[in-house]
Amino acid sequence: MGQIDNQTFIIYTIFLIWLSALSYFFWKIYSHYRRLIGKTKKEDLKEILDKQLEKMGQVQEIISEVKRRLKTAEDDLPNNLKMVGLVRFNPYREVGGNQSFSLALLDQELNGIVLSALHSRDSTRVYAKPVVSGKETKYALSDEEKEAVKIAKAIKVKK
C-alpha cells in the first residue's frame, strides 16, 4: 500500500507542477492580451485586428501613390535644370562696372538656354539663345556666353 501511495504522490506532484506551469503561461498570455486591448475601448481582439487590417490597406494605398509620384519625379529628373554658369562682363567702355551678364541654364544632357543681358546707360537688352548638347545651334554664342556654358558644364551632376 505504501508503494501505491508513493506512486500516487509522484503523479499528483507531476500533475501539480504541470498545472502550475500551464497556469503561469495562461496568466502571461492573458495579461499580454489585456495590455494589447487596454488602450482601446473595445473588448474584442477580432474587432481591433480588423481595424488594423483596414488601416494597413489604407497605408498600402498611400505607399503605392507615393511610389508612383516618386517614379514620375525620377523620370522627369534628367530634364530639370542642373547646371548653371554665370559670367559678368562690361561690353561698353563708357559704362562702369560689370553690369552685363551671360547666364547658362543646362539640364543633364547639356540642353538648355543662355540668357544674356547687355546693360548700357540708356537701356538694357536681353537675349536668349538655345543650347543643344552643350553647343550653339541656330545662333552663334559670344565669348562670354561660351564661357558661361563652359562654367555650367564644369559642374559635376550626381545621378
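**Close-up views of a predicted model**

Ser100 has its place in strand β2. This is a predicted model, in which local features need pLDDT of at least 70, side-chain atom pairs count only at pLDDT 80 or more, and totals for chains, interfaces and linings use all residues. Residues are numbered from 1 along each chain as its sequence is written, and side-chain values use heavy atoms, with hydrogens and water left out.

View 1. Strands (E, at least two residues) and helices (H or I, at least four residues) are DSSP runs, numbered from the N terminus. Is Ser100 buried or exposed? Ser100 counts as buried because its relative accessibility is 1%; buried means under 20% relative accessible area, exposed over 50%, and partly exposed in between, with a 1.4 Å probe and protein chains only. The side chain of Ser100 reaches the backbone nitrogen of His119 at 2.8 Å. Such a polar contact is a pair of N or O atoms within 3.5 Å; within protein, one must be able to donate a hydrogen and the other to accept it, and residues adjacent in sequence count only if both atoms are side-chain atoms. If neighbours within four places in sequence are left aside, Ser100 is in contact with Val87, Arg88, Phe89, Pro91, Ala117, Leu118 and His119, where contact means heavy atoms within 4.5 Å.

**View 2. The five-stranded sheet.** Stepping back from Ser100, the next view takes in an open sheet whose five strands follow the order β1-β2-β3-β4-β5, with antiparallel pairing. Its edge strands, β1 (83-89) and β5 (135-136), each pair on one side only. Two strands pair if DSSP finds at least two bridges between them. β1 and β2 run antiparallel and are joined by seven bridges, and here Gly85 stands opposite Ala104 in β2. Strand β2 (residues 100-106) is also joined to strand β3 (residues 112-119), by six bridges and again antiparallel; Phe101 stands opposite Ala117 in β3. Between β3 and β4 there are eight bridges, in the antiparallel sense, and Leu118 stands opposite Arg125 in β4.

**View 3. A helix on the sheet, and the two faces of β1.** Which strands does helix α3 touch? Helix α3 (residues 143-153) packs on the sheet and touches β1, β2, β3, β4 (124-132) and β5. The direction of α3 makes about 145° with that of β1; axes are lines fitted to C-alpha atoms, for helices over the stretch in contact, and angles run from 0 to 180 degrees between N-to-C directions. In a regular strand the side chains alternate between the two faces of the sheet. For β1, the covered face holds Met83, Gly85, Val87 and Phe89, while Val84, Leu86 and Arg88 make up the uncovered one.

**View 4. The turns between strands.** β2 and β3 form a hairpin with five residues between them, and a second hairpin links β3 to β4 through four residues. Most residues other than glycine have a negative phi, and most peptide bonds are trans. Leu110, in the loop between β2 and β3, has a positive phi near 65°. Leu110 counts as partly exposed, at 22% relative accessibility. Ser133 lies in the loop between β4 and β5 and has a positive phi of about 55° although it is not a glycine. Ser133 is partly exposed too, with a relative accessible area of 44%.

**View 5. Aromatic pairs.** How many aromatic pairs does a search of the whole structure find? The search finds two. Rings of Phe, Tyr and Trp (its six-membered ring) pair if their centres lie within 6.5 Å; planes under 30 degrees apart count as stacked, over 60 as edge-to-face and the rest as tilted. Tyr24 and Phe25 are an edge-to-face pair because their planes stand at 65°, with ring centres 5.6 Å apart. Phe26 and Tyr30 form a stacked pair, 6.1 Å centre to centre and with 20° between the planes. These two residues are four apart in helix α1 (residues 2-38), so about one helical turn separates Phe26 from Tyr30. Phe26 is exposed, at a relative accessible area of 59%, whereas Tyr30 is partly exposed at 40%.

**View 6. Confidence across the model.** The mean pLDDT of the protein is 85, and 91% of its residues reach 70 or more; pLDDT is the predictor's confidence in each residue, from 0 to 100. Where pLDDT is low, the predicted coordinates should not be read in detail.
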